[in-house]
Amino acid sequence: MEIALKEAEAAFLEGEIPVGAVVVIENTIIAKAYNQTERLTDVSAHAEMMAITAATGFLGAKYLTQARLYVTLEPCIMCAGALAWAQLGTLIYGATDERRGFARLKENILHPKTKIITNILKEDCEAILKKFFKELR
């Protein structure tokens, strides 16, 4: 999660909403990404989406069943849908997103075998988001 936070810091420095993501298989990082919606003028360029694309490209396969995704903010519904299609093994996130996070849905939209771990370095993940939005206002 600390590496995902460094990715979030890179997003922060570029004026992007500071969310970072890291994909790991067998303790090896295979992809890192951060939000790039402003840079790419693409509403789908969330950290998770960028990390999925990089990881599947690295593997040459579309499924991430053995992978762990560390992300600083709970994925939105769009990202959770992509993670379901990728059949992600484990999702680990820091801060919750009560307004846009997938967990607000009454049913789990992730793949049924995906393990979910929450609140990892939650305070640090929340702090960078709060700082970003405070400076934005």
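Mentor: Thr56 itself lies in helix 3. Before going on, note that this is a predicted model, in which local features need pLDDT of at least 70 and side-chain atom pairs count only at pLDDT 80 or more, while totals for chains, interfaces and linings use all residues. Residues are numbered from 1 along each chain as its sequence is written, and side-chain values use heavy atoms, with hydrogens and water left out.

Trainee: Why is Thr56 called buried?

Mentor: Buried means under 20% relative accessible area, exposed means over 50%, and partly exposed is in between, with a 1.4 Å probe and protein chains only. Thr56 has 18% relative accessibility, so it counts as buried.

Trainee: What makes Glu26 exposed, and where does Glu26 lie?

Mentor: Its relative accessible area is 71%, and therefore Glu26 is exposed. Glu26 lies in the loop between strand 1 (20–25) and strand 2 (28–34), and its phi is near 50 degrees, a positive value in a residue other than glycine.

Trainee: How do you know that Thr41 counts as exposed?

Mentor: The relative accessibility of Thr41 is 72%, so Thr41 counts as exposed. Thr41 lies in the loop between helix 2 (37–40) and helix 3, and although it is not a glycine, it has a positive phi of about 45 degrees.

Trainee: What makes a stretch of the chain a helix or a strand, and how many of each are there?

Mentor: Helices (H or I, at least four residues) and strands (E, at least two) are DSSP runs, numbered from the N terminus. By that reading the chain has five helices and five strands, and along the sequence they follow the pattern α-β-β-α-α-β-α-β-β-α.

Trainee: Why is the chain called as compact as a globular protein of that length?

Mentor: The radius of gyration is taken over C-alpha atoms, and the globule rule is 2.2 Å times the number of residues to the power 0.38. For 137 residues the rule gives 14 Å, and the radius of gyration of the chain is 14 Å, close to that value, so the chain is as compact as a globular protein of that length. Along its principal axes the C-alpha trace spans about 40 × 35 × 25 Å, and buried residues make up 46% of the 137 residues.

Trainee: Which residues of helix 4 are buried, and what covers them?

Mentor: In helix 4 (residues 77–85), the buried residues include Cys79, Ala80, Ala82, Leu83 and Ala84. Their cover includes helix 3 (47–59), strand 3 (68–73) and strand 4 (90–95). Helix 4 is followed by Gln87, whose phi is positive, near 55 degrees.

Note on methods. Contact means heavy atoms within 4.5 Å.
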